[in-house]
Structures are given as structure tokens and as C-alpha cells.
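Hello,

I am passing on the structure we talked about. Please look through it before reading my notes.

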Amino acid sequence: SSSSSFSFYSLPLLSSVDPAMRLADGNLPLLLRGQGLRPASSSFAKVRMINSQSKQVVTVEGKWREEEEAIEFLSPSMLPGAATIELALNGQQYVTSQLAVTYYLMPEVLDLVPDCCPSAGGELRVHLKNPHPHLLVRLRLPSKKELLLQIQQLEVSQDDPSRGSAVVKIPQVEEEGPVELAVSVDGSSFAAARNSVILFKPLQPSLPISSCSLAGGSTIAAVAPSIFPAAGWRVRVGAVEAPAKFRPSWGEVGACVTFETPAGGEAGVKEEEKKVEVAIAPDGKTWMACGQLTYFEPFTCTDLKPNKSGKEGASVNVTVAGSGFVESEHVFVKFQQDEAARVVRGEYVSDSAVSVTTPEGMEQGGWSVLVSLDGEHGDFVECPTAFTVV
């Protein structure tokens, strides 16, 4: 004869699940705690999860962990949203609960605006895919010290809820340089931004060329010992604010930020002084003074002597005559023939003349001659007389 026996147990009472938030891809052990959870046979314990929005239902096995005094189960892959938990110690009769695990898609950093921040503290807007109200932002400083910050504000696109942006306030730190940024929801799984944020201290910028024509249109550089690339560089020239551009190398200047000078009238130049203040900002709002920019009246070029090269194109010293030349250490002369151009340094002689030595190796034929008093990227004025290479 054979005999069978049954084990009787009280209905379990579920009190907590850890962690209560989880990536939708699953594959993380979760711990279910409460009263009366030790099953008669651990092989029969089943955990059922029900997504309240999509009605998705997934059932997984549970196993009693004596050292944790909890039932452990492997989180399944679920659709985003809250999934309520039910437990069956015998694999058949499920006990409902108010417990739920909130599943979410991992946020992804799409952009950082601005991409730099003063070491004294500032504010960043993080543009995201899969935004989440419990978003955390981790900063790994140049010293490898880490800061974990909560967002101050979250905006979700009404047109596309999978897109949004979060505002995070950066505290004051004593470091400068690139900072690695990553985002998380649960504080354990992080998604790193592709680009770093630059922490910067006051740069003390200056203007290598501090004069330009009242006509505007010159390209001027601002330099600083620790100048760095940023997407949001801006310049303020008198009354005009405009975008500026970082250049890792720019002629004799090297690494710098360049900008186009506005016309004197736009910049607010006064007749008696013709000077305006210039400032730059890597993040578009932290302004640092560069010094003053002096505008000069437009000049004219009228003639050049000699207007021919030496034999077989030999270099010669040429005097460009005109009026309104101002004393400058940044005289440049451009020789242009169709698409070819040669730019060389010239020298101020007087208010009616500048001189230049023509470059070697110029092709035969006529070359237009243009003069700038504010650098090789300044405002060039053409001379009506051409230079001929014979």
C-alpha cells in the first residue's frame, strides 16, 4: 500500500520587494520579503508579475534564501510601467499584494547644453532619450572623485514622450578640466554621455589684435593660456553679442576663439573715442573681459610702386600708396590671382604708405593687391593698380 501526506501553511503576507525599480531588460535578482514565506517545498514557489498598463503577465520561479529571509527571483524582461507582484508557495494558489516593481527604459544622454560649466557652479540641461522623473546624474571629476546629483526639473516632450530634458545644478568645486557625466534611475546602473563637460576657472583672455576697421567684417581672435573647445562660445563687442568659434590652431595665434567684428555703428562706437569693451563666454553666460577694441576709420589704397616684379619673378620691395593708414603692427598684404592667394606681412610707413616685400614663387601674370591693417584675417582693401609678375 502507499500513502501520501500534505503540508499545510498559512497564507503569506508580502511586505517589500527590493529593488522596487528595475530596468525593463530584466536579469536582476529581486528579493521578496514578508511573513510566512518559507514554502513547504521551494521547488513549487512561483512569482507572478502583472503590468497594470499593458496587462503583460510573466511567471518565474522563486527560491527561499535562508540568509536573506526572503524569496529570491530573477526579474523577467517586462514592458515599462508598474508590475504588481503575486506569490504562490505551492505553484497554484496565488496571493495578491500591493507591492509593485516599476520597470523603466534606460535613459540615454543625447546632448549637454552648455557643454561646459564654471568651477564656481552652474546649471546644465541634459537632453535625453527615455527621460525619468527619478533621474540621477553622476559626475566623475578630473580627480576621479564622484558626485551624485538629483535633477531640479524634468521636461518631457508632448510630441514624443520618449524625448525630454532635465536640469541639473552643478555645485562649486575646486577642480577644472573634463568631467565624465552619466545618468541613472536606480543609482546602480549608469549610462555614460558620449561627451564630457568641461569645468573651467576664470581664463583671463586677451586680444592679440586690438584694432579693426569701422566697416567691420574683420575676423579677430581672443586667446587665453587654458582656452578650450566648447560648442557655446559667444562674444560681446560693445553693444553686439554674437557666436564665436573655437579653433585648435589659427595661424600665428595658435589655439583661440575667433569672431567677426561688427560695424562700428552697430557696436555703439562713439565718435570721440572709437573704443568698445570685448568679452567672451564659453557657456554663453559666464562673461570674461578681453580688453578694449579700437576702431579706425576706413582707409584707401591708390597706387603701388613698383608694380612689376624683378626678372623671372624675382621678389621686390613694393610701396602701397594711399590715405588714412593708421600705425599698426598687424599690416598684411594679399596678392591674389584667380583662386590662388599669397598673404604676407607688410609694414606701416606713414598715414599715406605701407611697404611689403613680394613673396617668391608667384606665377606670371597680373595679381590683385589688397591691404589689411588688422591682421591676416582682417578687412582687406583692394588697390586699383595690379602687380605684374614677369
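Below are notes on cysteines, aromatic rings and charges over rings.

This is a predicted model, in which local features need pLDDT of at least 70, side-chain atom pairs count only at pLDDT 80 or more, and totals for chains, interfaces and linings use all residues. Residues are numbered from 1 along each chain as its sequence is written, and side-chain values use heavy atoms, with hydrogens and water left out.

Cysteines. The structure holds zero disulfides (pairs of cysteine sulfur atoms within 2.5 Å). The sulfur of Cys301 has its closest cysteine sulfur in Cys383, 5.6 Å away, too far for a bond. Cys301 is buried at a relative accessible area of 7%, and Cys383 is buried at 3% (buried means under 20% relative accessible area, with a 1.4 Å probe and protein chains only).

Aromatic rings. The whole structure contains four aromatic pairs (ring centres of Phe, Tyr or Trp, the last by its six-membered ring, within 6.5 Å; planes under 30 degrees apart are stacked, over 60 edge-to-face, the rest tilted). Phe228 and Trp233 form a tilted pair, with centres 5.7 Å apart and planes at 45°. Both Phe228 and Trp233 are buried. Phe335 and Phe387 pair edge-to-face, at 5.8 Å between centres and 70° between planes. Both Phe335 and Phe387 are buried as well. Ring pairs also join Phe200, Phe228 and Trp233 into a cluster.

Charges over rings. The charged end of Arg48 sits over the ring of Tyr94, 3.8 Å from the centre (CZ of Arg or NZ of Lys within 6 Å of the ring centre and within 35 degrees of the ring normal). The charged end of Lys334 sits over the Phe380 ring, 4.5 Å from its centre.

Regards

Methods:
Buried means under 20% relative accessible area, exposed over 50%, partly exposed in between (1.4 Å probe, protein chains only).
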